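Biologist: I'm new to this one. Can you walk me through it?

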Amino acid sequence: MEAALTDDAPRLIALDWGTSSLRSYLLGDGGAVLDTRRLPLGIMQVEGGDFAGAFAKAAGDWRARWPGLPAIAAGMIGSAQGWVEAPYAPVPAGLDELARGLVPVPGAGLHIVPGVVQRGDAPNVMRGEETQIAGALPEGGGGLLVLPGTHSKWVEVAEGRIRRFDTYMTGELFAVLRRHSILGRFVREEDPPPPDDVAREAFARGVAALRAEGASLSPLLFSARALVLTGGLPPEASLDYLSGLLIGDELRGGLAGHAGSIALIGDAALCARYETALAIFGVAGAGMPGDTAAAGLWRIAERAGLTRGPAAGAETLP
C-alpha cells in the first residue's frame, strides 16, 4: 500500500552536472533539499560516456525507492560532449524559455535544461549558470549578477529574463599563468598558503594596481615577478597579487557603465574575494546565500509541470 504524500516526501531528483563534478539533490515540496551528494563524475570523468551508469550512482537508489520520481539536470551534461545535447535558448531567456527548451533523455526519465546563447559578432554561451540565476532571483527580478569561476559570467537580468552577458576567462588565465609561465615559479603546488593577512594585502595591492588610472594588464603582469625580485612582495604572496591583477582587470571591464550594486553567485570563498575587489572599486557587492542551482532546477521543473502531483510509489522519508 502506498504511503500518503507529506511535506517530507520527495518530488524531484535534480542534478547539477558539470565538467568536473556531479551534484545530485533529492527535493521535496517547494524545492526543499531532503538529501544531497557530490560525486567526482563530471562529464570528463565518465568513462566511455556511460552517463546512464553515472546517473545510477548519483540517484539510482532514490529511483528504486520512488520509481515515478521525475528528474532534471543542468550543466555540461547538455553539451555536445554530454549525454544528450540540449540546444541553447536565445536571449532574452527566463523560466518560460528554459522550461520549453527541456530535452528528454530517451529511456532515462530525465530532462536536461538548455543553455543560453547570445548571438552577434562576438557570440557568447552559458551552460549551468542560467539555472543558478533562475534559483537566485525572485520571480520577475533583475539586476547585474556576477558568477565568479573559471569562466566568470557577468549577466544583466531584467524582469526575470537574461538579457545579455559577458564571459571573462579569469580563472583559466590564472591557472595557465601559474602552471605555464614564469609568474608561477615562486610558489609550488605543495607549498602552504601565505598567512591570511599577507594574502589579503597582496590581493588588494593587485586589484588597486589595476584600478589605477591608465593601468593596463599586460605590462602589470610582470610586476608579479619583479616585486618579489626587488623585495616588495613576499614570494609566497605573488599568486595572490596576480589574482588581484586578473580580477581587477575583470572588474574594470565588467563595471564599465554600471553604477548599481552587484549580486554574486557561487563559491562563498571566491565570492568573498570578489566582494573585497569590488569594495576597492567603490562598488557594493554581496554573495547570495543558499544553493541557487538546486532552487533553479526546482523552479524550471515546476514551470515545466514536472513536479505536479505525487510520484508513483511515493513514500515519506524516515
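Modeller: Happy to. Keep in mind that this is a predicted model. Let's start with an open sheet of three strands, ordered β5-β8-β9, whose pairing is mixed.

Biologist: Which are the edge strands?

Modeller: β5 and β9 (124-126). Each of them pairs on one side only.

Biologist: In what sense do β5 and β8 pair, parallel or antiparallel?

Modeller: Parallel, over two bridges. Strand β8 covers residues 116-118.

Biologist: And which residue stands opposite Val-116 in β8?

Modeller: That is Ala-89.

Biologist: What holds strands together in a sheet, in general?

Modeller: Backbone hydrogen bonds, in either a parallel or an antiparallel arrangement.

Biologist: New topic: rings. How many aromatic pairs does the structure hold?

Modeller: Five. One of them joins Phe-55 and Trp-83 edge-to-face, with 6.0 Å centre to centre and 65° between the planes.

Biologist: Where in the chain do those two sit?

Modeller: In distant parts, 28 residues apart. Phe-55 belongs to helix α1 (residues 51-65). Trp-83 lies in the loop between β4 (71-74) and β5 (89-90).

Biologist: Why does Phe-55 count as buried?

Modeller: Because its relative accessibility is 7%, and the cut-off for buried is under 20%.

Biologist: What about Trp-83?

Modeller: Trp-83 has a relative accessible area of 21%, so it is partly exposed.

Biologist: Which residues form the aromatic cluster?

Modeller: Trp-17, Phe-51, Phe-55 and Trp-83 make up one cluster.

Biologist: Which charged ends sit over rings?

Modeller: Arg-127 has its charged end over the ring of Tyr-88, 4.3 Å from the centre. Arg-211 does likewise with Phe-281, at 5.7 Å from the ring centre.

Biologist: Let's switch to helix α10. What span should its twelve residues have?

Modeller: At 1.5 Å a residue, helix α10 (residues 292-303) should span 16 Å. The end C-alpha atoms are 16 Å apart, so the two agree.

Biologist: Which of its residues are buried?

Modeller: Thr-292, Ala-293, Ala-294, Gly-296, Leu-297, Trp-298, Ile-300 and Ala-301.

Biologist: And what covers them?

Modeller: The cover includes strands β1 (12-17), β2 (22-27), β3 (33-39) and β4. Helices α2 (95-100) and α3 (129-136) are also among the covering elements.

Biologist: What happens at the start of α10?

Modeller: A side-chain oxygen of Asp-291 comes to within 3.3 Å of the backbone nitrogen of Ala-293.

Biologist: And what follows the helix?

Modeller: Gly-305 follows α10, with a positive phi near 85°.

Notes
Residues numbered from 1 in each chain as written. Predicted model: local features only at pLDDT ≥ 70, side-chain atom pairs only at ≥ 80, totals over all residues. Heavy atoms only, no water. Phe/Tyr/Trp six-rings, centres within 6.5 Å; stacked < 30°, edge-to-face > 60°. Helix = DSSP H or I, 4+ residues; strand = E, 2+ residues; numbered from the N terminus. Buried < 20%, exposed > 50% of the residue type's maximum accessible area, 1.4 Å probe, protein only. Lys NZ or Arg CZ within 6 Å of the ring centre and 35° of its normal. Pairing = 2+ DSSP bridges. Expected span 1.5 Å × (residues − 1). Contact = heavy atoms within 4.5 Å. Polar contact = N/O pair within 3.5 Å; in protein donor to acceptor, adjacent residues only side chain to side chain.
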